[in-house]
Amino acid sequence: MAEELAQILTPDGELRGEPPVDLEATRHLYRAMVGARLFDRKGTALQKQGRLATYAPFEGQEAAQIGSAAALRGDDWLVATYRDAAAMWFRGYPWKLLLLWRAGDERGGAPPEGVNVLPPSITVGAHMLHAVGLAWAAKLLGQDRIALTSFGDGATSEGDFHEAMNFAGVYQVPVVFLCQNNQYAISLRRDRQTASPTIAGKAEAYGFPGVLVDGNDLFAVYRVTADAVGRARAGGGPTLIEALTYRLGPHTTSDDPGRYRDPAEEATWRERDPVERVRRYLQRQSAWTEEWQREIENEEAALIEQAVEEAEALPPQEPGQIFEAMFAEMTPQLREQQQELSGGGPVTPTGDR
Amino acid sequence: MATLNVAQAINQGLDQALAADRRVVVLGEDVGRTGGVFRVTDGLLERHGEDRVIDTPVSESGIVGAAFGMAVGGLHPVAEMQFMGFSYPAYDQVVSHVSRIRNRSRHRFTAPLVLRIPYGGGIGAAEHHSESTEAIYAHVPGLKVVVPSTPRDAKGLLLAAMPEEPYEVPIGRATVAREGTDVTVVAWGAMLREVGKAADMLEEDGVNAEVIDLRSLVPLDTEAVMESVRKTGRAVIVHEAPRTAGLAGELIALIQERALYSLQAPVARVTGWDTVFPLKRSEHHYLPSPERIVAAAKRLVES
């Protein structure tokens with residue numbers, strides 16, 4: 001049933017079911033969430049210093065992102081949004097490139113070979129179809145890789161959500177739809193986004209399962225994603241996962257949540273912090289110490305600092321480079337315009353005079 | 001040698017492309033069982049199977065968005081929109097993603113995707129079935145836009161976009177459809193027929209028209225146009241699309257930049273009007289006719 005909330009770890013860090021990964025793996029994922037949160041806060045700080053263009057913080061959504069990304073296989077596709085830096089990084093998209101992209105440099109859109117993660121989608125909803133196509137191609141090419149696409153509650157009102165879900169259902173494409181329902185689409189509350197009781201319930205209309213999960217529960221997100229991924233890989237078709245979570249920060253560095261939501265609501269969700277939840281669990285299992293916490297924070301922070309340095313040390317692109325990736329080979333028109341930009345003055349062919 | 005019409009030539013091209021490379025797939029509304037609304041994909045489902053000739057739901061954004069993903073994922077999809085007037089729901093996918101992924105990822109990801117869109121009027125169709133809005137595609141950076149006028153070019157340009165190229169017509173190269181000395185007439189697609197009739201009529205009156213079939217709107221074969229205009233000193237641009245912000249404006253700008261001093265008269269344009277494409281009973285008032293083309297050419301020659 002879509003309306004039943006899957007939960008394994010309570011906000012207090014108590015187990016309600018079988019953990020999907022062992023203690024060592026949990027420590028690894030916890031560390032990733034800690035690192036992601038440090039990156040996220042760094043991103044906001046860098047933007048305020050004028051070193052990034054805009055930044056879309058994901059604080060509060062670490063479990064939804066790391067838990068789902070961890071359930072993918074190395075060659076699976078991830079097609080995500082501008083708020084999914086944690087998931088993308090976990091799949092191998094370097095911090096440096098995510099920063100570069102945020103700083104307004106196209107080179108940030110080119111992940112290393114072998115990292116099957118598309119550059120972040122800025123348009124809302126269109127990218128779900130891209131995941132459908134990628135998964136479909138894998139199926140037709142006889143590969144057993146799947147695609148996971150991540151999007152927010154706002155995207156479910158776009159026409160492309162419907163078209164993507166419909167195609168996925170009709171062709172039984174090996175794709176997983178992960179809705180990080182963080183309760184707000186910029187300023188619009190979830191209850192104004194759709195009259196459906198749940199987003200997960202929408203899957204029924206497309207003929208495949210929808211699952212509602214506590215998106216701040218690392219274990220539950222991992223479990224339901226791994227199940228959906230396994231089903232897709234085995235030819236069982238798509239799944240829609242609704243991960244109930246909350247964006248603790250603003251939509252981006254250019255808005256003020258105080259204009260559209262109650263601070264008390266934020267405080268309630270702060271108590272359900274996905275990172276703190278896993279920490280409590282690890283502490284209960286005697287697998288967490290303050291010393292270790294300091295150690296991983298220092299190490300992750302150093303990696304982020306290094307990424308910032310490397311991103312900022314990269315010299316700006318030459319002016320003419322804006323023309324170079326429009327096509328495999330530049331058209332005569334682009335060559336001429338490139339020449340005009342870098343040579344100074346327009347190319348005024350007066351050859352017939 | 002067999003004589004084929006444009007639809008049959010594209011059908012043959014698709015058939016060859018599907019046979020030559022497993023990565024080629026065809027998708028669109030009614031492209032399978034019925035062979036497409038213009039029968040362009042007739043018989044392909046039977047020969048290549050339903051995994052590769054895919055009947056889709058009525059879902060233009062879905063078709064192009066999914067085809068985009070397929071292309072990034074290693075396939076070479078050929079997606080069909082039934083009519084240009086129905087392509088607009090997919091326009092966001094084309095403008096926001098198909099045309100941009102290579103730049104967005106600095107060549108790391110590419111989308112080798114062919115979008116086939118029948119266009120144009122004159123067949124007495126219902127509203128939305130006669131649109132000629134190629135300019136809104138040509139305006140988008142990152143797309144190549146071709147408009148064939150002959151069966152040979154239709155097949156050749158299609159195959160030029162395919163991984164295997166058994167025979168091809170180069171994208172970005174115009175052709176001289178008819179040689180002449182007095183006036184250059186530039187056109188593309190279905191307008192070549194009207195222009196051909198106009199050239200015959202002009203001939204009878206002793207005016208020798210040179211006809212340039214652009215074939216490719218992006219990239220544009222600027223030099224082919226200039227070469228002809230420098231020779232004749234006069235030019236008429238003909239397109240079926242509405243006039244304002246149409247491609248005739250672009251061509252005239254190029255001619256004045258590059259061949260102004262060869263001109264013996266202002267450049268003329270014969271186009272559709274800035275109106276909604278009229279329904280059956282009035283569409284002949286809209287479409288550029290041989291008479292309008294002749295009148296424009298004569299004005300230039302006599303000026």
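Modeller: A salt bridge is a side-chain nitrogen of Lys or Arg within 4 Å of a carboxyl oxygen of Asp or Glu. This is a predicted model, where local features need pLDDT of at least 70, side-chain atom pairs count only at pLDDT 80 or more, and totals for chains, interfaces and linings use all residues. Side-chain values use heavy atoms, without hydrogens and water.

Colleague: What makes R215(B) and D153(B) a salt bridge?

Modeller: The closest N and O atoms of R215(B) and D153(B) are 3.2 Å apart, and the cut-off is 4 Å, so the pair qualifies. Across the interface of domain 1 and domain 2 of chain B, the rule finds one salt bridge.

Colleague: Where do the two domains of chain B run?

Modeller: Domain 1 covers 6-160 and domain 2 covers 175-302; such bounds come from an automatic or database domain assignment. Their C-alpha centres lie 28 Å apart. The contact (heavy atoms within 4.5 Å) takes 23 residues from domain 1 of chain B and 21 from domain 2 of chain B.

Colleague: How much area do domain 1 and domain 2 of chain B bury between them?

Modeller: About 1,700 Å², 56% of it on carbon and sulfur atoms. That is the accessible area (1.4 Å probe) that two parts lose on being put together, summed over both. E134(B), V147(B) and S149(B) supply 23% of what domain 1 of chain B buries against domain 2 of chain B, more than any other three residues.

Methods:
Residues numbered from 1 in each chain as written. Chains lettered and ligands numbered in written order.
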